[in-house]
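This report goes through a structure part by part. Keep the sequence and the 3D view at hand while reading.

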Amino acid sequence: MKRVYVNEPACIGCRLCEVHCQFAHSSSKDLVKAFKKAAPPLPRLRVEVKKPVSFSVRCQHCDEPACVYACLTGALTKDEKTGVVSVDTEKCMGCWTCILVCPYAAITRDGDKISKCDLCTGKPLPSCVANCPNEALVYAETRES
Amino acid sequence: MAKTARTKYLIIGNSAGGVGAAEAIRAVDKAGTVTIVSDEPYPAYSRPLISEHLAEGCSLERMLFRPADFCERHGIKTLLGQKVASLSLDEHIARVETGQEIGWEKLLLATGGKPIVPRMEGLESKGVFTFTTLADAKAIAQAITPSSRAVVIGGGLIGVSVTEALVKRGVGVTIVEMKDRILNTILDEEASALAAEALSEHGVEIITGHTVSKVNSRPAKGGSVSSVTLENGRKLPCNLVVVAIGVVPRLDLVAGSDVRTNRGVIVDRHMATSCRDVYACGDVAEAYDFIAGENRVTPVWPNAYLGGRVAGFNMAGAPAEYQGGTAMNSLKYFGLAIVSAGVTNPPDGSYEVVSNIYGSSCRKIWVKDGFIRGMLYSGEIEPAGIVFSLMRDMVNVDSFKERLVAADLGLSSLPEALWRSRLSLPPSVPVTTIPVEEPEEVLVGE
């Protein structure tokens, strides 16, 4: 499957990926409305800046997803066809077990539920990748393991 | 004479382990017959959600661990509400209480745990419950009245879970914990105190260092609970008692058989028991614990699922190895988030504690010989998984352990080689960056 990879030397830590992730998952189609007139959704990725290193991290949609195996309610699943790991927020009870086992720390608490990257399912390119100004994010086919 | 049905794979138990095994079997064997037998009458449900059921009446539909058509879609036969009465391991036959016999090629024991109920006067009274199944939750829910007052015996995970649910239902609760603090096996002193504070703020009375010696009822024998008496003679009036001391492996089916047991059914890294074609997983099994470095019973849901998954692959002929599990828990009592894993109460002085408390968050790891042996994160728990994976993968953290409890903990806190290997590009992708051209001279003010 295709995943988002980090080309760290190219990342300038501008956090535009964060902004575009929030925008892509907001109900508004207007940037100003999404950020100024409403509370934007939590970003589903995290930008780490420890100069000179910077990169953004999101769910890697693992082949062996520890979060899915650890999920107490069956809310987290890995799609058999697309490989996308997604959460059914109706079923999520917010027990945080997935947070304990994710090696990327890619899952965040969002009120009583969790929030995570959905690879912008349905779009040709995840918004973070599409809007990175310096090709620091690459959407590429996974290497054969 | 009972007719013998035949199945290639027989799974006894329909919870995390059983489902994990069934899914793994179906990943490699689409055709072999799979049968799941469970003495519970429900499709596989999320056991931890029984507290939500008790608290808020969460429906069975919402509690289902897999979609309602799961078994149908995967061609899995289920015998629900039916108990396996006995096993003939040599003959590869299971006998169900209804009289039916099931012949199997591969067997998985995923029978789980059963609540520990000590010998105590008055436990037969009406209003005494345990709390491990949906049936338990339903029974307690039915017994609650507007004037209910409960005593929960045991301040471990089950005890605190049922307490939170009861409080949400408006029931006053007293927890009686034998040791000096609640959640003493999974939390350290500080975190125990935090949890106790969260409970106290919601009106829960916690009595530590005492035990219940007797349950009293009206009338005296077989009546409804009226109070409990502690070992020091103190009486606590109540009309509900929940015995939540813990669970032990449900070993009844293999008692006296060739299956080797200790506290639980002993399994190797393939989740195979000492008997050919017989596997075990979950709360009934004593499987490899990567922190203990030996087999241990670690009755937590994720380990049950993973163990079941490994068992399923091996049962279906696809070799798989259990990496091992350890004690791990995630709590959210009254909104307080705490995750912990491994050794949080070191047995001796050979563990170094590295900790950091900031705001309302606490980050703590226990390091021995350079390796993380235990961890506890509360408040901002998000980066805990980074630490858990270092612990599980046995990464020597001696040179960067302080960074693992820092407030800005992230993947970039790890040595460069580590974070690069986690995030790096697949080799097939050329690494190109947009060349930055020298800016043309711009004349300003023209």
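Two residues are in contact when heavy atoms of theirs lie within 4.5 Å of each other. The model shown here is predicted. Helix α1 of chain A covers residues 16-24. Its buried residues are A:C17, A:E18, A:H20, A:C21 and A:Q22. Which elements do the buried residues of α1(A) pack against? They pack against α2 (31-37), β2 (46-50), β3, α5 (127-130) and β8 (137-141), which belong to chain A.

An α-helix has 3.6 residues a turn, so residues three or four places apart point the same way.

The loop between α1 and α2 of chain A holds A:S26. Is A:S26 buried or exposed? Its relative accessibility is 10%, and buried means under 20%, so A:S26 counts as buried. The side chain of A:S26 reaches the backbone oxygen of A:F23, at a distance of 2.8 Å. When neighbours within four places in sequence are left aside, A:S26 is in contact with A:A34 and A:P41.

## Where the two chains meet

In total, 45 residues of chain A are in contact with 53 residues of chain B. The two chains, A and B, bury about 4100 Å² between them, and 58% of this is on carbon and sulfur atoms. Which three residues supply more of the area that chain A buries against chain B than any other three? They are A:Y69, A:L72 and A:L100, with 18% of that area.

Charged and polar groups also meet here. Five salt bridges are found across the interface of chain A and chain B. A salt bridge joins the side chains of A:K50 and B:D408, with 3.9 Å from N to O. Between chain A and chain B, 19 residue pairs are in polar contact, counting pairs with both residues at pLDDT 80 or more. On the side of chain A that touches chain B, at least two residues each come from β1 (2-6), β2, β3, α3 (66-70), α4 (97-101), β6 (108-110) and β8 of chain A. The largest share of that side is from α4(A), which gives four residues.

## Aromatic rings

A pair of aromatic rings is described by the distance of the centres and the angle of the planes. How many aromatic pairs does a search of the whole structure find? Over all chains there are six. In one of them, A:F55 and B:W419 are tilted, with 4.9 Å centre to centre and 40° between the planes. This pair joins two chains, because A:F55 lies in strand β3 (residues 53-57) of chain A and B:W419 in helix α10 (residues 416-423) of chain B. A:F55 counts as buried, at 0% relative accessibility. B:W419 counts as buried at 4%.

Another pair, B:F290 with B:F388, is edge-to-face, at 6.4 Å centre to centre and 70° between the planes. It links distant parts of the chain, with the two residues 98 residues apart. B:F290 is in the loop between β19 (285-289) and β20 (294-296) of chain B, and B:F388 is in helix α9 (residues 384-392) of chain B. Both B:F290 and B:F388 are buried.

One aromatic cluster is formed by A:Y69, B:F65, B:W301 and B:Y305. B:R66 lies over the face of B:F65, 4.2 Å from the ring centre. Over the ring of B:Y288 sits the charged end of B:R269, at 4.0 Å from its centre.

## Chain B as a whole

Chain B has 10 helices and 25 strands. Its C-alpha trace spans about 100 × 55 × 50 Å along the principal axes. Chain B has 446 residues, of which 56% count as buried. Among contacts in chain B between residues at least 6 apart in sequence, 60% join residues at least 24 apart.

## An exposed loop residue

B:E97 is in the loop between β5 (93-96) and β6 (101-109) of chain B. Its relative accessible area is 58%, and exposed means over 50%, so B:E97 counts as exposed. B:E97 and B:V84 are 13 residues apart in sequence, with 5.9 Å between them in space, C-alpha to C-alpha. Leaving aside neighbours within four places in sequence, B:E97 is in contact with B:K83 and B:A85.

Notes
Residues are numbered from 1 along each chain as its sequence is written. Chains are lettered from A and ligands numbered from 1 in the order in which they are written. Side-chain values use heavy atoms; hydrogens and water are left out. Rings of Phe, Tyr and Trp (its six-membered ring) pair if their centres lie within 6.5 Å; planes under 30 degrees apart count as stacked, over 60 as edge-to-face and the rest as tilted. Buried means under 20% relative accessible area, exposed over 50%, partly exposed in between (1.4 Å probe, protein chains only). A charge sits over a ring if NZ of Lys or CZ of Arg is within 6 Å of the ring centre and within 35 degrees of the ring normal. Buried area is the accessible area (1.4 Å probe) that two parts lose on being put together, summed over both. A salt bridge is a side-chain nitrogen of Lys or Arg within 4 Å of a carboxyl oxygen of Asp or Glu. A polar contact is a pair of N or O atoms within 3.5 Å; within protein, one must be able to donate a hydrogen and the other to accept it, and residues adjacent in sequence count only if both atoms are side-chain atoms.
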